[in-house]
Number of protein chains: 4
Amino acid sequence: MSSAILLLSCPDQKGIVAQISNFIFEHRGNIEHADQHIDSQSKILFMRIQWAMDKFTVSREDISAKLKPLADRFKMNWRIFFTDNTPRVAIFVSSYTHCLYDLLLRHQDKQLHCTIPLIISNHESIREIANYFSIPFYFSPKSDKNKITAEKKELLLLKEHHVDTIVLARYMQILSKNFVKKFKNSIINIHHSFLPAFIGSDPYAQAYCRGVKIIGATSHYVTDRLDEGPIIEQNTVRISHRDSLNDLKRKGKDLERIVLNQALRWHLEHKILVYNNKTVIFD
Amino acid sequence: MSSAILLLSCPDQKGIVAQISNFIFEHRGNIEHADQHIDSQSKILFMRIQWAMDKFTVSREDISAKLKPLADRFKMNWRIFFTDNTPRVAIFVSSYTHCLYDLLLRHQDKQLHCTIPLIISNHESIREIANYFSIPFYFSPKSDKNKITAEKKELLLLKEHHVDTIVLARYMQILSKNFVKKFKNSIINIHHSFLPAFIGSDPYAQAYCRGVKIIGATSHYVTDRLDEGPIIEQNTVRISHRDSLNDLKRKGKDLERIVLNQALRWHLEHKILVYNNKTVIFD
Amino acid sequence: MSSAILLLSCPDQKGIVAQISNFIFEHRGNIEHADQHIDSQSKILFMRIQWAMDKFTVSREDISAKLKPLADRFKMNWRIFFTDNTPRVAIFVSSYTHCLYDLLLRHQDKQLHCTIPLIISNHESIREIANYFSIPFYFSPKSDKNKITAEKKELLLLKEHHVDTIVLARYMQILSKNFVKKFKNSIINIHHSFLPAFIGSDPYAQAYCRGVKIIGATSHYVTDRLDEGPIIEQNTVRISHRDSLNDLKRKGKDLERIVLNQALRWHLEHKILVYNNKTVIFD
Amino acid sequence: MSSAILLLSCPDQKGIVAQISNFIFEHRGNIEHADQHIDSQSKILFMRIQWAMDKFTVSREDISAKLKPLADRFKMNWRIFFTDNTPRVAIFVSSYTHCLYDLLLRHQDKQLHCTIPLIISNHESIREIANYFSIPFYFSPKSDKNKITAEKKELLLLKEHHVDTIVLARYMQILSKNFVKKFKNSIINIHHSFLPAFIGSDPYAQAYCRGVKIIGATSHYVTDRLDEGPIIEQNTVRISHRDSLNDLKRKGKDLERIVLNQALRWHLEHKILVYNNKTVIFD
């Protein structure tokens, strides 16, 4: 049975929740979940509302038109999803395989509500893993010189496979502005530090050098500013002087897997709203 | 400015959220927060909805009558609170003072939305602390023999001070069934273990003896079954073989303070619904 | 380069640390790590000391004889390990594969200092995973009737493969007393609860029913008392009323992987001493 | 009964642990704890060794002379402490009182092994708290203009009270280079962020603005570079979009109390060695 999920944001005003609830009720939708949040500084209302479609009297195609007057009146930004439209996720990965394996095993375990139509890597060695999980693999070598050409081919592949979400599962290449623009708030990266600490390359070495007592990992949407996109999820783990740089990397791998998975899970469940380079997460 | 908070539970049915939202909207209430949860096993809907009272066209006194048809139709259990009715909390405490100090300091720091009209203790030594914070103190010594008499006096005091919530801040006396019945889901206890492990007396010694690697604390509503009431909040902290029993107690004190405070905070904000000896917490 | 690791316990007495250090120094061993702990209740000293073997003037074969007078004098329980003797680990697993995959991937990533000569399962479906990681697989179906016969064959296999450590990676069969006796403090189990809470079967269902706000996982050495062996490692994760029983199981899987890995890692590094059904861990 | 604690660091060399152990054993000291660490990059050995003084045949006054040959031979940096020399701690505080109360209550509860001979504040309002805990209070107002003069008086007070350790319990004044130099690795600050993220003023506002999902607190030794001294302890707590800036501050207060207390506790137990702007902590 399918449900609809409406994500919206708009200036806070009296009656929004009631009007939206009413719209659904009048057309015989049964509300399954509803959550809202008002940002007290900007006076913006954020809302996520989910209802059963089985007896809903408006067809999917007509919802937009029917909702338009309400949306216009309240100046809403809104998007609608249907739970039987399984999201299609492409995984980009370089040589580190722990996040890739983690996602594929969770997918195999039916923990992730998505299809993974392809894996793209600049390392040919990943093909074997893709094969084991029976997922199409595309080798896409990259250098500063061929970047734009390579990305063009990748964009074609993504289109062909109807991909809507990209996961950078420790992908060590920086995507071009143009590429990022095409997947706004749809590319999820895992950065191996507790952002905004240790931006850039080799954050574990930076953390080791500074002598911190806790390390972290951060999953965020990719924007055209490196490691500065809206943060979706973070987690931390304790370290001590006994931990070598290698221990940091090892402990960090566990964090990265858990944080990336959590961020992707929320994204796939349409629980994330982005505003002001921050995220509202209705978990 | 005051808001109303409606807490309700009822068998799940189509239209409840819309009907409630509409009821509020029609009488010019602006919904500030709304949260609901459906227990997938029992098909019970839980809801907490908060709206501004300033332009609401129904007076406080009339809300119940106006809401009745809706409540009857959906077979609701419901309670309503107003945010300008500050809860009145009595603290019961024995000889350990860390939780008491913690609550009083948070109260002084305006972190807890309540009045504390009195402190009751079976230890005269607590009076000095009560005095420092200018809170009336009542010495109520207890033994197996005088328990019922002592509780009678305590109940009178609580009535006199219009107390609606009792916090047992490490109170080492077991309350009688009769006493507990008078404050259903309104007595908050802190138990110094990760329940249901280590029920009963001296849980730190039990934990030390078993050789666990993590200890915990649990805050729960008091029922007539010792340490088995609905759990509101728990937290844990890591220990090692280097920690003596005294270290466990010391680390545990920090846990107890944080867990009890969190439980009380949610209670004061009317965010807790109890069902089936479990809690739904709309945080 | 190889190092020796001496694990010992004995009644605390003046001079033990100095005498042991001296013994190593006099024979030209360079101490790389040393850690000790005195249990303040039982007055037992625990010690782990590691030194470089490259210039050590006593051969491996002779260490025991040379150490004997010291060991006798201080009434030591002791064992010695050499870091170039890679431990040999057999994995027992039933139908849940998350812990198995986790161990095999960490092993492939060189995080675990051990050889895995075989995987034994009562589920034929595990063979495919074993094959992917190129590890010999043995199908050993079990019922109440064939248990002793099956265990006999398993014990032969373990002997043949020179196995010294067994990991029960979610193995849903109870080992016989006789089997357990043969691998004292060498069988590591993962139990999917925060022991001693929720002993026995289906701990997640027990936790869900009790309404706890945190769930846990526990790794322990197997003894002949179910779920009561010495605890090596525990960890916890927060849950809420929104988590279904399936969510508990999913969140628990992450815990189980991390806890089991940590316990095995310490075991392989000879950092665990068992005393009084508790563990001393020199991490 | 008193014990001696020797803290040392030196280039790693064969025989150090044995020679030191031997020195203690030969003079009839019973080793109670010993811990060491070798930094694998710099090849520096760090050691903390504690022994009972009751039958030790060298007097306190003579230990330095007796130890000198050994110390010279191994090029040791070393310091010695005696557990019956209770450290003397001055608390500096501005208007926020949560850390101050926390330290004073722990001290009253015998959790902190120190004397607190005085509290210094640039806020007269702190006097009342100092009085309640019967600790001498000094009001020392500060501005950019009077800073040096004020510090001179403070230094005199510290000398007069034989203070060896200073805790900045949310002290909102920056100490001069000269002041800091006089208390090298003896001034403990609490910074209300997860350093190195959010250095400088109003870190909670910075964290709120960046949209992080976890906030932290850091305790470190004060050096002449603001918020860049050796980190002693850090901790973190989860936040969400629902948390206002005030909620961050409130949650942060709990972190600050716990982190500062832990850092001070280790310092008082002489468990911290500083090297390369990092700390080795033998906990």
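Let's start where chains B and D touch: nine residues of chain B are in contact with nine residues of chain D. Keep in mind that this is a predicted model. On chain B's side of that contact, the elements giving two or more residues are helix 3 (98-108) and helix 8 (245-268). Sort that side by class and you get four nonpolar, two polar and three charged residues.

Now look at helix 3 and helix 8 within chain D. There, helix 3 (residues 98-108) and helix 8 (residues 245-268) pack at an angle of about 45°, and their axes are 9 Å apart. With angles under 35 degrees counted as roughly parallel and 65 to 115 as roughly perpendicular, helix 3 of chain D and helix 8 of chain D are therefore oblique to each other. The crossing of these two helices of chain D is right-handed. Which residues of helix 3 of chain D meet helix 8 of chain D? From helix 3 come His98(D), Cys99(D), Asp102(D), Leu103(D) and Arg106(D), and they meet Lys253(D), Glu256(D), Arg257(D), Leu260(D) and Asn261(D) in helix 8. By class, this helix-to-helix contact in chain D has three nonpolar, two polar and five charged residues. As for the spacing of such positions, an α-helix has 3.6 residues a turn, so residues three or four places apart point the same way.

How are chains D and A related? Chain D can be laid on chain A by a turn of 180° and a shift of 0.0 Å along the axis, with an RMSD of 0.0 Å. That is the relation of a two-fold axis. The same surface serves both copies, as 100% of the contact residues of chain D recur in chain A. If you want to find the axis, go to Ala197(D): of the residues of chain D, its C-alpha comes closest to the rotation axis, at 2.4 Å.

One last stop, back in chain B, is helix 5 (residues 147-160). At 1.5 Å a residue, its 14 residues should span 20 Å, and its end C-alpha atoms are 20 Å apart, which agrees. Just after helix 5 of chain B, His162(B) takes a positive phi of about 55°.

How values were computed. Residues are numbered from 1 along each chain as its sequence is written. Chains are lettered from A and ligands numbered from 1 in the order in which they are written. This is a predicted model: local features need pLDDT of at least 70, side-chain atom pairs count only at pLDDT 80 or more; totals for chains, interfaces and linings use all residues. Two residues are in contact if their C-beta atoms, placed from the backbone, lie within 7 Å. Helices (H or I, at least four residues) and strands (E, at least two) are DSSP runs, numbered from the N terminus. Ala, Val, Leu, Ile, Met, Phe, Trp, Tyr, Cys and Pro count as nonpolar, Asp, Glu, Lys and Arg as charged, and the others, Gly among them, as polar. Copies are superposed by least squares on the C-alpha atoms of residues with pLDDT of at least 70 in both. The expected span of a helix is 1.5 Å times one less than its number of residues. Axes are lines fitted to C-alpha atoms, for helices over the stretch in contact, and angles run from 0 to 180 degrees between N-to-C directions. Angles under 35 degrees count as roughly parallel, over 145 as roughly antiparallel, 65 to 115 as roughly perpendicular and the rest as oblique. A crossing is left-handed if the near helix is turned anticlockwise from the far one by less than a right angle, and right-handed if clockwise.
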